[in-house]
Amino acid sequence: MDYMYNACSTTARRGALDWAPIFEKANVPVFEALYESVRNGTETRKSLEFNGRATYREDLAKELAVIDNQEIWRAGGFPVVYTLAVHG
């Protein structure tokens with residue numbers, strides 16, 4: 001993590017310092033709910049039920065495709081494709 005943080009611009013590092021407390025405050029309830037779900041066995045039950053399906057590989061591929069097709073992941077490829085198309 002230190003390497004990744006130190007490799008960022010000073011603008012990005014300043015933003016990380018300024019925004020970290022805000023993101024932490026926003027994420028605390030999410031992580032508390034996640035930890036409770038792990039503690040009470042909900043996550044284990046969901047995994048066992050899902051992985052026990054005869055179609056779990058296909059079902060998982062469909063769910064992962066939703067994430068793969070999110071704009072955040074597509075947008076990252078745009079500059080490379082654009083640069084290659086324009087500058088060959």
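Is Asp 59 buried or exposed in this structure? In the predicted model, Asp 59 is buried, its relative accessible area being 17%, a value that falls under the 20% limit for that class. The side chain of Asp 59 meets that of Arg 53 in a salt bridge, with 3.0 Å from N to O, and Arg 53, at 39% relative accessibility, counts as partly exposed.

The chain contains five helices and zero strands, and buried residues account for 5% of its 88 residues. The accessible surface of the chain amounts to about 8000 Å², and carbon and sulfur atoms contribute 63% of that area.

Across the whole structure four salt bridges are found, among them the pair formed by Glu 36 and Arg 39, whose closest N and O atoms are 2.7 Å apart. Both residues belong to helix α2, where three residues, about one turn of the helix, separate them; Glu 36 is partly exposed at 35% relative accessibility, whereas Arg 39 is exposed at 62%. In helix α3, which spans residues 42-51, Lys 46 and Glu 43 likewise lie three residues apart, and a salt bridge joins them with the closest N and O atoms at 3.7 Å. Lys 46 is partly exposed at 49%, as is Glu 43 at 28%.

The count of aromatic pairs comes to two. In one of them, the ring centres of Phe 31 and Tyr 35 are 6.1 Å apart and the planes stand at 45 degrees, so the pair is tilted. Phe 31 and Tyr 35 are four residues apart in helix α2 (residues 10-39), a separation of about one helical turn. Phe 31 is partly exposed at 39% relative accessibility, while Tyr 35 is exposed at 54%.

Note on methods. Residues are numbered from 1 along each chain as its sequence is written. This is a predicted model: local features need pLDDT of at least 70, side-chain atom pairs count only at pLDDT 80 or more; totals for chains, interfaces and linings use all residues. Side-chain values use heavy atoms; hydrogens and water are left out. Rings of Phe, Tyr and Trp (its six-membered ring) pair if their centres lie within 6.5 Å; planes under 30 degrees apart count as stacked, over 60 as edge-to-face and the rest as tilted. Helices (H or I, at least four residues) and strands (E, at least two) are DSSP runs, numbered from the N terminus. Buried means under 20% relative accessible area, exposed over 50%, partly exposed in between (1.4 Å probe, protein chains only). Accessible areas come from the Shrake-Rupley method with a 1.4 Å probe; for residues, only the protein chains shown count as cover.
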